[in-house]
Amino acid sequence: MLSVLRVHLPSDIPIVGCELTPYVLLRRPDKSLSTDDVPESAPVDGHFLRYKWYRVQSDKKVTVCSVHPSEQATLQCLGCVKAKIPVAKSYHCSPKCFSDAWQHHRVLHDRAASAVSENGNEEEELFGRFNSSGSGVVNTALSGSLSSSTLTNGSAPLYPHTVTQRSGGVAWIEVGRSKTYTPSADDIGHVLKFECVVVDAETKLLVGHVNTILTSCVIPAPSPSPRRLIPVSGVDMMGNVDSDDRVSSGTFTVLSYNILAEVYASSEFYSYCPSWALSWQYRRQNLLREIVGYRADIVCLQEVQSDHFEEFFAPELDKHGYEALYKRKTNEVYGGNINTVDGCATFFRRDRFSNVKKYEVEFNKAAQSLTEALVPSTQKKAALNRLVKDNVALIAVLEAKFSNQGGDNLGKRQLLCVANTHLNVPQDLKDVKLWQVHTLLKGLEKIAASADIPMLVCGDFNSVPGSKYKRSAPYSLLAMGKVDPVHPDLLVDPLGILRPSSKLAHQLLLVSAYSSFARMGAGPGLEQQKRRLDSTTNEPLFTNCTRDFIGTLDYIFYTADSLTVESLLELLDEDSLRKDTALPSPEWSSDHIALLAEFRCKPRPRR
């Protein structure tokens, strides 16, 4: 007979918007073990599984801390309330919590005050897109009635309140009848209960005992703080990302983001991140909120698992008007489940661009061709072992559906080439990484030679900037167009793939978008951003921040002879991230930060 052996949840901390999927282990009539569902529509040996979810019945809701959402709040900031900052951001679990958070949270008060003075009321602009964990200077004890009223956000429950269960003096309201359940805002501060039981398909009577799980209190999903676009062209005012403005001005935005694949997000490596915040069920929703909130016209993501692309990102971003392109890494080195191999995904808004052509670069194939041409047959196996690393690049040629507003460009097609890559190569194989960058650039040069086309090269290059010989050779090749013949990275070249060093050059006139901050004078927000740049490289101080490493690995390069940078997404402050030790964190769900730049195509010269 069908029986339930074990039921548990991957995490006992439920989060609003993050689906709860219990693990249910069954013993089937043939004594085999299974985790497959047995619905009423397909019973096994006359039995099926019935699921129910309940929420605790209470007159009071528990307010939760805006900084530590798994803790109950005991203090509220009146300054946040007066400034009309979302009330859920005003709660703290202790005076120490409030004191420690003040340095970072006072920014919300400052922004709210400046928004009111400049524009009357910009609460929706500043906080409508992303909610941040903020507070202020005056605190008061919470009351039960305040907790209940402020955390009821008006959203309708997922299921009608039709069944109430009482047990031991505690009342439970039935909220779901499927195996999975997604907590809503109405569940915040409440405990949930999951029930699973075998039911006789004919009599509808329960068979055996009811398996029950209790969760901790449901917490709201922490959301990234607002990040604003900072103009670098000297003509625009600072503000939030707004696609409607770009439609009329002829500019477009590009986002590049390594989202940290689930297969790499281990609790061993990121032990400082709470397990619930490291779970994919939570991170995928938080990442989606962040990505959609930027409203980028083109989105380049790295470390996107193939199953996550097919089952989550492609369908979800399709709902927001994006068309998707994807290139999975090759799997000659990777020995795991092929569905969890990650790759590069490029999305573009179908109302702004159309896809003209897609190129896929497999560096393993290039390695095969290289060894056939240069390496003696007796050394080919060793050469391939060194060169084959499964990295790929995805190149898309897009056509703009908007006008560039240039008199000389009327009636002409505006094409754009976007390259997206992730070069994950062990640090001791500097020759391999440099060869891969050179291979990609040579391919882009061929595309440039066939068409008058602006180019963007986005991704995680795992290569740091620096001054002179301290900068990595791949960065030098990308940003400087060549590599110095005496660069120390060229000393390790056992296969001779980098010789002669004079070939390590290109003619694409690539410039790093974020170096534009350093070239600007004074302006709204610019001085703060300049402090977040490395003065010796003009690059961000970091784009990757873990407990053991902080530095810049990600870039958006553009061809300076055909594109100009209009604005950049503001950089993050290391101190604000260190409050959670490092990335990822409950607020930011990757160990990298997103980069975003707004561009305008330069008028093409008459021919």
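The buried residues of helix 10 pack against helix 9 (363-374) and helix 11 (430-450). What you're looking at is a predicted model, in which local features need pLDDT of at least 70 and side-chain atom pairs count only at pLDDT 80 or more, while totals for chains, interfaces and linings use all residues. Residues are numbered from 1 along each chain as its sequence is written, and side-chain values use heavy atoms, with hydrogens and water left out.

**The whole chain**

- The protein chain has 15 helices and 28 strands; helices (H or I, at least four residues) and strands (E, at least two) are DSSP runs, numbered from the N terminus.
- Of its 607 residues, 54% are buried. Here buried means under 20% relative accessible area, exposed means over 50%, and partly exposed is in between (1.4 Å probe, protein chains only).
- Take the contacts (heavy atoms within 4.5 Å) with a separation of 6 or more: residues 24 or more positions apart account for 75% of them.
- The chain exposes about 26100 Å², and carbon and sulfur atoms supply 51% of that. Those areas come from the Shrake-Rupley method with a 1.4 Å probe; for residues, only the protein chains shown count as cover.

**Helix 10, in and out**

- Helix 10 spans residues 380-387, and its buried residues are Ala383, Leu384, Arg386 and Leu387.
- These four sit on the same side of helix 10, because they cover an arc of only 160° around the axis (the arc is that of the directions from the helix axis to the C-beta atoms).
- Lys381, Ala382 and Asn385 are exposed on the other side of helix 10.
- As background, an α-helix has 3.6 residues a turn, so residues three or four places apart point the same way.

**The nonpolar cores**

- The largest nonpolar core holds 82 residues, and Phe252, Ile298, Leu456 and Phe599 touch the most other members. A nonpolar core is a set of buried Ala, Val, Leu, Ile, Met, Phe, Trp, Tyr and Cys residues joined through side-chain atoms within 4.5 Å.
- Helix 7 (residues 280-294) gives the most to this core, with 7 residues.
- Apart from this core lies another one of 44 residues, including Leu387, Val425, Val437 and Leu498.
- Setting aside neighbours within four places in sequence, the contacts of Leu456 include Phe252, Leu416, Ile556, Leu563 and Phe599.
- Val299 belongs to strand 14 (residues 298-305) and is buried, with a relative accessible area of 1%.
- Beyond neighbours within four places in sequence, Val299 is in contact with Leu255, Ile291, Tyr322, Ala345, Thr346 and Phe347.

**Asn258, a buried polar residue**

- Asn258 is part of strand 13 (residues 252-258) and counts as buried, at 0% relative accessibility.
- Its side chain reaches the backbone nitrogen of Leu260 at 3.0 Å, and it also makes a polar contact with the side chain of Glu303 at 3.2 Å. A polar contact is a pair of N or O atoms within 3.5 Å; within protein, one must be able to donate a hydrogen and the other to accept it, and residues adjacent in sequence count only if both atoms are side-chain atoms.
- Neighbours within four places aside, Asn258 is in contact with Gln302, Glu303, His422, Asp460, Asp554, Ser590 and His592.

- Three strands form an open sheet in the order 1-2-3, with antiparallel pairing; two strands pair if DSSP finds at least two bridges between them.
- Strand 1 (3-8) and strand 3 (33-34) are the edges, each pairing on one side only.
- Strand 1 pairs with strand 2 (residues 23-27) over 5 bridges, in the antiparallel sense, and Arg6 stands opposite Leu25 in strand 2.

- Most residues other than glycine have a negative phi, and most peptide bonds are trans.
- The bond from Arg499 to Pro500 is cis, with omega near -5°; Pro500 is in the loop between helix 12 (473-480) and strand 21 (510-512).
- Leu583 and Pro584 are also joined by a cis peptide bond, with omega about 0°; Pro584 is in the loop between helix 15 (574-578) and strand 28 (595-601).
- Lys204 is not a glycine but has a positive phi of about 65°. This lysine is in the loop between strand 10 (191-200) and strand 11 (206-217) and is partly exposed, with a relative accessible area of 45%.
- Asn538 has a positive phi too, about 60°, in the loop between strand 22 (533-534) and strand 23 (539-540); at 31% relative accessibility, Asn538 counts as partly exposed.
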